[in-house]
Amino acid sequence: MQLAGSEDLAAVNVTKEQAQQIIDRHRRGSASVSSIVLHSSSGFSGFTPTKTYHITLADGTAYTLRVSPPPPPAGDSYAPNTLAHEHALLQRLSSNTSLPLPTAYALDTSFDILQFPYLLLSRPSGVPLSRARAQGLLSERQVLLLDLRLGALLHEQHDVQNDWFGTPAQEHDGLYSWQEAFTFLLETLIEDANALGVALAHEKLRKPLGRAIGSFLFDDCEVPSLVSFAGDEDAIVVDVSQDSEASRGADEVPVTSFLTVSHALWGDPLLETLFMDPSKALEEGYGGSLIVFRRQKTKRLWYTVFLALMVLVQAKREEQTGVRRTDSGKVAWARKRIDECIEELQTAPTY
């Protein structure tokens, strides 16, 4: 079969009949598919060419179906993780942690139902934490307890460690220095942005980067931890009632799914988006702040630049393939924040 390229993914829609075939193949004896809905994420983790569908069966059972184009040639540009990498990371986390994660039922690369690889997962009950906060579904006590819990979960995830740095696709690159791995990824995103025509003050960015590299700013990270990187509160699911009075009267809110691995890599825990502006409770649950010295604040600025670049590059790629985001808030944030960070980095300490 001729495999479609990433430029064709925007035109691909999984039909109800195809969803039924997938369920029949991997979840034999299940009820019939009653609905399949394309899910649109407004979180940072959603900046990926992978499409996510929510499948609901007649008996109420819910699944998540992730469908992705073939990966680009290795090393040519920054790319989110493939579904095979996502599957492997989920299995590793499930085997080594107590993190609430979706169950991976099947990774299928046969191309005989769909013309793309797909990953079939369980779908956790609840709503994104970002929505629960925005809709006032949580009491002050619940927010405090939840942040403490998230910090502890984040620490548990970071305890899953590796002997090399970088993305899963870089497994054979022999990157044993976080500074080498991170600056390579950062330079790759800068080049991607330039090639795609993303407006960026390249020269103003390179001068402080040279200073950071010369000061070994990133080399205080010696152990590669599994970092979600782009995981934010849109990627955390909590089991809270849509009835604000009922939910606020409950005790601690259960976390039913914690972050995602669409952009996960082996690196510095401070790279986590949740550490961009953490609450005191989240830091306490984690075991304390990761920022002790002034130079670490500068390092966190670079990590914010990295996140913003990823968003701008992925959004530009979507734009060029005809994809239009219903929520452009993250793109606007990235455009504004990267300019602010570049200005701050001109005089930020590296010692």
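Reader: How many helices and strands are there in the protein?

Author: This predicted model has 10 helices and 10 strands.

Reader: What makes strand E5 count as mostly covered?

Author: Buried means under 20% relative accessible area, and 5 of the 5 residues in E5, which spans residues 118-122, are buried. Side chains in a regular strand alternate between the two faces of the sheet. In E5, Tyr118, Leu120 and Ser122 are buried on one side, and Leu119 and Leu121 are buried on the other. Both faces of E5 are therefore covered, with the cut-off for buried being under 20%.

Reader: How do you know that E3 and E5 pair, and in which sense?

Author: Two strands pair if at least two bridges are found between them. E3 (residues 62-67) and E5 have 5 bridges, in the antiparallel sense, so the pair meets the rule of at least two. One of the contributors is threonine 64, whose bridge partner in E5 is leucine 121.

Reader: What joins E4 to E5?

Author: E4 (residues 104-108) is joined to E5 by 4 bridges, and the two run antiparallel. Here alanine 106 has leucine 120 of E5 as its bridge partner.

Reader: Why does the radius of gyration of the protein agree with a compact globule?

Author: For 351 residues a compact globule would have a radius of gyration near 20 Å, and the protein has 20 Å, so the two agree. The C-alpha atoms fill a box of roughly 60 × 55 × 35 Å along the principal axes. Of the 351 residues, 50% count as buried.

Methods. Residues numbered from 1 in each chain as written. Predicted model: local features only at pLDDT ≥ 70, side-chain atom pairs only at ≥ 80, totals over all residues. Heavy atoms only, no water. Buried < 20%, exposed > 50% of the residue type's maximum accessible area, 1.4 Å probe, protein only. Rg over C-alpha atoms; globule rule 2.2 N^0.38 Å.
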